[in-house]
Amino acid sequence: MKTTLHTEWTVGDICKGFIYDKNEGKGLFGLDGKLIIQPEYQRNYIYGDGKKDVAVIESLLKGYPLGLIYFVLNKDGMYEVLDGQQRITSFARFVNQSWPFDVIRNGKPRTFKSLDPDEQKRIVDAPLTIYVCEGEPSEIQEWFETINIAGVPLVKQELRNASYHGPFVTKARAVFSNTGNSNMTRWRTYAKGDPKRQAILEAALDWVSGGDIDGYMSVHRYDTKIDELKNHFDTVIDWIDSVFEYTGSEVCGLDWGRLYNQYHVNAYSKDNVSKRVDELLSDTQIDHRGIFEYILGGEKDTKLLNVRVFDEKIKKAVYDKQTKEAFEKGISNCPLCALGHDNNSKRRYNYNEMDADHVTAWSKGGATDASNCQMLCKTHNRAKGNR
């Protein structure tokens, strides 16, 4: 792979011919039409919050460097922004008055046009430090991951989009990264995360691929249609809706792709399922996020409901009771230490040296109440596990 350092380009050079698309929320072109600011595989513009975008301009006004920027030189002679599109979009928006915003100067809000001429010149003449790389996709992707350590780091799916960029990613992002999609509210009931950071797309790919997202994207990289991806995602969502009435926060982010594959062949009564969900949600002693797979599996695997920890009131009461009895008997206040014959058999542990434990494991039917609680030293509690 070949890399070339450019220090002759300025903010003004990059801003020449800048185009910003408000509908898609991204900068498109710059450098007099020679630079693709946001390739299709890149994340949407996320600096437009009145803070990060303003900070970019404040840095330029103070003469601070904006840090390294990386371009890729394509075979057609066009440059693509590999790293730095958030900073570029911010200063180009400001200079070109595209989706304009203000900075505060001498206590007053100022647009670029209302700045003093010397301040305008300071911004547009600011030099940039840009590395341009040329090479094979695998080399560029490896480099991309290596230099992606500053600013707002790319998440895993954004990196995948860069690795497998092509018509499939373009089509998929147009559907699953579009916050204006009429289905987005329904989808986000079950798939967790920000669609702008590719979270919904990642969920769709995870579900259809059975967890092998990279393998699936590699196979379908040059597909011009995403019918399988979208149909599978909609099918899983429809199945969830057909089984569960409940749409609270507990259902968001569950491993629905796996649950669909494992349980969609079973028949369920939605009324009965709804009744059980309500009953289990009212139980404060269980992990509510495990309820849904527990029900799908016929309510056999109690481990899915997880054990709830004892509250401080119960733990303190049990500790005081055990410690008093241990003092009277001249033994350790850890019941298991008291059974031994070493120095710990008479050791009195402080409250913060002990953990609450279920006498009968919760997964075996033991309740999370004072009658089933014992305080053990941390060593014995870790060793006891689920026995």
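How far apart are the mean positions of the positive and negative charges of the protein chain? They are 5 Å apart, for 52 positive and 55 negative charges. Lys and Arg count as positive, Asp and Glu as negative, and His and the chain ends are not counted. Each charge is placed at NZ of Lys, CZ of Arg, CG of Asp or CD of Glu.

1. **Basis of the note.** This is a predicted model, in which local features need pLDDT of at least 70 and side-chain atom pairs count only at pLDDT 80 or more, while totals for chains, interfaces and linings use all residues. Residues are numbered from 1 along each chain as its sequence is written, and side-chain values use heavy atoms, with hydrogens and water left out.

2. **Overall form.** The protein chain has 17 helices and 11 strands. These are DSSP runs, numbered from the N terminus: helices are H or I with at least four residues, strands are E with at least two. The radius of gyration is 29 Å, well over the 21 Å that the globule rule gives for 387 residues, so the chain is more spread out than a compact globule. That radius is taken over C-alpha atoms, and the rule is 2.2 Å times the number of residues to the power 0.38. The C-alpha trace spans about 85 × 50 × 45 Å along its principal axes.

3. **Surface and contacts.** Of the 387 residues, 45% count as buried. Buried means under 20% relative accessible area, exposed over 50%, and partly exposed in between (1.4 Å probe, protein chains only). The chain exposes about 20000 Å², and carbon and sulfur atoms supply 49% of that area. Accessible areas come from the Shrake-Rupley method with a 1.4 Å probe; for residues, only the protein chains shown count as cover. Take contacts between residues at least 6 apart in sequence: 62% of them join residues at least 24 apart. Contact means heavy atoms within 4.5 Å.

4. **Helix H2.** Helix H2 (residues 52-61) is mostly covered, with eight of its 10 residues buried. The buried residues are Asp-53, Val-54, Val-56, Ile-57, Glu-58, Ser-59, Leu-60 and Leu-61. Their cover includes helix H1 (11-15), H3, S7 and helix H4 (117-124). Gly-63 follows H2 and has a positive phi, near 80°.

5. **Phe-101.** This residue sits in the loop between helix H3 (85-96) and strand S7 (103-105). Phe-101 is buried, at 9% relative accessible area. Neighbours within four places in sequence aside, its contacts include Asp-53, Val-54 and Ile-57, as well as Ser-90, Arg-93 and Phe-94. Val-54 is 47 residues from Phe-101 along the chain, yet their C-alpha atoms are separated by 7.9 Å.

6. **Helix H7.** Which residues of helix H7 (residues 167-176) are buried? They are Phe-168, Val-169, Ala-172, Arg-173, Val-175 and Phe-176. They lie on the same side of H7, because they cover an arc of only 165° around the axis. The arc is that of the directions from the helix axis to the C-beta atoms. Among the elements covering these residues are helix H6 (156-163), helix H8 (184-190), helix H9 (199-209), helix H10 (213-220) and helix H11 (227-243).

7. Most residues other than glycine have a negative phi. Gln-198 has a positive phi, near 70°. It lies in the loop between H8 and H9 and is buried, with a relative accessible area of 0%. Glu-299 also has a positive phi, of about 60°. Its place is the loop between helix H14 (291-296) and helix H15 (312-329). Glu-299 is partly exposed, at 28%.

8. Ala-267 is in the loop between helix H12 (256-263) and helix H13 (270-281). Its relative accessibility of 77% counts as exposed. Ala-267 and Val-243 are 24 residues apart along the chain, with C-alpha atoms separated by 8.8 Å. Glu-325 is in helix H15 and is partly exposed, at 32% relative accessibility. From Glu-325 to Ile-57 is 69 Å, C-alpha to C-alpha, and 268 residues in sequence.

9. **Asp-357.** Strand S10 (residues 354-358) holds Asp-357. Is this residue buried or exposed? At 6% relative accessibility, Asp-357 is buried. Beyond its neighbours within four places in sequence, its contacts include Phe-310, Asn-372, Cys-373 and Lys-384.
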